[in-house]
Amino acid sequence: MSDTPIVPDHAAPAEKPALKVLLAAPRGFCAGVVRAIDAVEQALKLYGAPVYVRHEIVHNKYVVEDLKRKGAIFVEELDEVPDTTAPVIFSAHGVPKSVPEAAAGRNLFAIDATCPLVTKVHREAQVHFKRGRHILLIGHKGHPEVVGTIGQLPDGAFTLIETAEEAERVTPPDAENLAYVTQTTLSLDDTAEMVAILRRRFPKLAEPHKEDICYATTNRQEAVKVIAPKVDALIVVGAPNSSNSQRLREAAERAGCPRAALVQRAADIDWSVFSGLSSLGVTAGASAPEVLVEEIIDAFAARYDVRVETVTSTEEDVFFPLPRVLRPDAAAE
């Protein structure tokens, strides 16, 4: 009889380390994003392909690629759209007034999918301007929402403020007639600091009737603040050009999370950063679909024995109806 030990054909798999995943709620799509995506899909259903969309309808590559497969054509500027009877949809971020004016001049079938909360900021700015106030706009230069807001009024109506340092040194044309508005997707803490500086420097500063930072941005940041101190690391599912997603990552770091990263897809996870964990926080920016959250949790489940716990900080029930021309009852009106 041979003394050679019998080796099994398949060695038993190594036991995976345990990982507790704290899943933030609310997370992911907000009402404005749902409305914008639904607008493109409904236009494709009613009018067929192609449907043109100026700028990314929302800042998420997965969403954009999915809509492309269904027949949407994305362009950066209106002059890329041929003379056509097909719908041309403006993104959730809003556009300067010159864009719908140019569309009307070409008799294009334009549909405005601007988030109603962005439209609220536009209207506030217009009211302040009519009342003779110079407007301080707190936001990020070059962001589509900021470009759209500035484009609602004549040149010189706004002064853009991006940092607390700029708030300290801004010199508006008339310190006695000032108002401020903000981009809707900013950091709550950064914005509060800048507003406090402006209030101190300009006591007559006119303010929004209601906070400009949208409910979804607020709720997602607050949810992250609850989870971040309790986990070894946190992933924000979202795109690098998504302002609200970047602010979630910053909120996690400020709340004490030692490792926080913005990740678009499971393939983008840097496992050198996310190895050796016992707890992980997961959230998603307002333009990131839930399927990507599930994909990333599945990627961790392949390496860890995952137990998911949802941490709910608030409930959301906000709904925005589609633009009127896309509603099922529009034909009957």
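This is a predicted model: local features need pLDDT of at least 70, side-chain atom pairs count only at pLDDT 80 or more; totals for chains, interfaces and linings use all residues.

Student: What geometry does the aromatic pair of Trp 271 and Phe 300 have?

Tutor: A pair of aromatic rings is described by the distance of the centres and the angle of the planes. For Trp 271 and Phe 300 the centre-to-centre distance is 4.8 Å and the planes stand at 65 degrees. Planes over 60 degrees apart count as edge-to-face, so the pair of Trp 271 and Phe 300 is edge-to-face.

Student: How many residues apart in the chain are Trp 271 and Phe 300?

Tutor: Trp 271 belongs to the loop between strand E10 (260-263) and strand E11 (279-284), whereas Phe 300 belongs to helix H10 (residues 290-301). The pair links distant parts of the chain, and the separation is 29 residues.

Student: Is Phe 300 buried or exposed?

Tutor: The relative accessible area of Phe 300 is 1%. A residue under 20% counts as buried, so Phe 300 is buried.

Student: At what angle do the ring planes of Phe 274 and Phe 300 stand?

Tutor: Phe 274 lies in the loop between E10 and E11 and Phe 300 in helix H10, so the pair ties together parts 26 residues apart in sequence. Phe 274 and Phe 300 are both buried. Their ring centres are 6.1 Å apart, and the pair is edge-to-face because the planes stand at 90 degrees.

Student: Which residue has its charged end over the ring of Trp 271?

Tutor: The ring of Trp 271 belongs to the aromatic cluster with Phe 274, Phe 300 and Tyr 304. A charged end sits over this ring at 4.0 Å from its centre, and that end belongs to Arg 303.

Student: Let us turn to the annotated position. Which residue does the UniProt annotation "active site" cover, and is that residue buried or exposed?

Tutor: According to the unreviewed UniProt entry, the "active site" annotation covers Glu 145. This residue is found in helix H5 (residues 144-150). Because its relative accessibility is 3%, Glu 145 counts as buried.

Student: Which residues does Glu 145 touch, not counting residues up to four places away in sequence?

Tutor: Among the residues touched is a run in sequence made up of Thr 182, Gln 183, Thr 184 and Thr 185. Glu 145 also touches His 93 and Val 118.

Student: How are helices H1 and H2 oriented towards each other?

Tutor: Two packed helices are described by the angle between their axes and the distance between the axes. The axes of H1 (residues 31-47) and H2 (residues 61-70) come within 11 Å and cross at roughly 5 degrees. The contact is made by Ile 37, Val 40, Glu 41 and Leu 44 of H1 and by Val 63, Asp 66, Leu 67 and Lys 70 of H2. Angles under 35 degrees count as roughly parallel, and H1 and H2 are therefore roughly parallel.

Student: Which residue is joined to Pro 50 by a cis peptide bond?

Tutor: Most residues other than glycine have a negative phi, and most peptide bonds are trans. The bond from Ala 25 to Pro 26 is cis, with omega near 5 degrees, and Pro 26 is found in the loop between strand E1 (18-25) and H1. Pro 50 is found in the loop between H1 and strand E2 (51-54). Its cis bond has an omega of about 0 degrees, and the residue joined to Pro 50 is Ala 49.

Student: His 55 and Asn 107 are not glycines, yet each has a positive phi. Is Asn 107 buried or exposed?

Tutor: His 55, with a phi of about 70 degrees, is found in the loop between E2 and H2 and counts as buried because its relative accessibility is 15%. Asn 107, with a phi of about 55 degrees, lies in the loop between helix H3 (98-105) and strand E5 (109-112). At 68% relative accessibility, Asn 107 counts as exposed.

Note on methods. Residues are numbered from 1 along each chain as its sequence is written. Side-chain values use heavy atoms; hydrogens and water are left out. UniProt positions are given in the numbering used here, feature names are shortened, and annotations may be inferred rather than shown by experiment. Helices (H or I, at least four residues) and strands (E, at least two) are DSSP runs, numbered from the N terminus. Buried means under 20% relative accessible area, exposed over 50%, partly exposed in between (1.4 Å probe, protein chains only). Contact means heavy atoms within 4.5 Å. Rings of Phe, Tyr and Trp (its six-membered ring) pair if their centres lie within 6.5 Å; planes under 30 degrees apart count as stacked, over 60 as edge-to-face and the rest as tilted. A charge sits over a ring if NZ of Lys or CZ of Arg is within 6 Å of the ring centre and within 35 degrees of the ring normal. Axes are lines fitted to C-alpha atoms, for helices over the stretch in contact, and angles run from 0 to 180 degrees between N-to-C directions. Angles under 35 degrees count as roughly parallel, over 145 as roughly antiparallel, 65 to 115 as roughly perpendicular and the rest as oblique.
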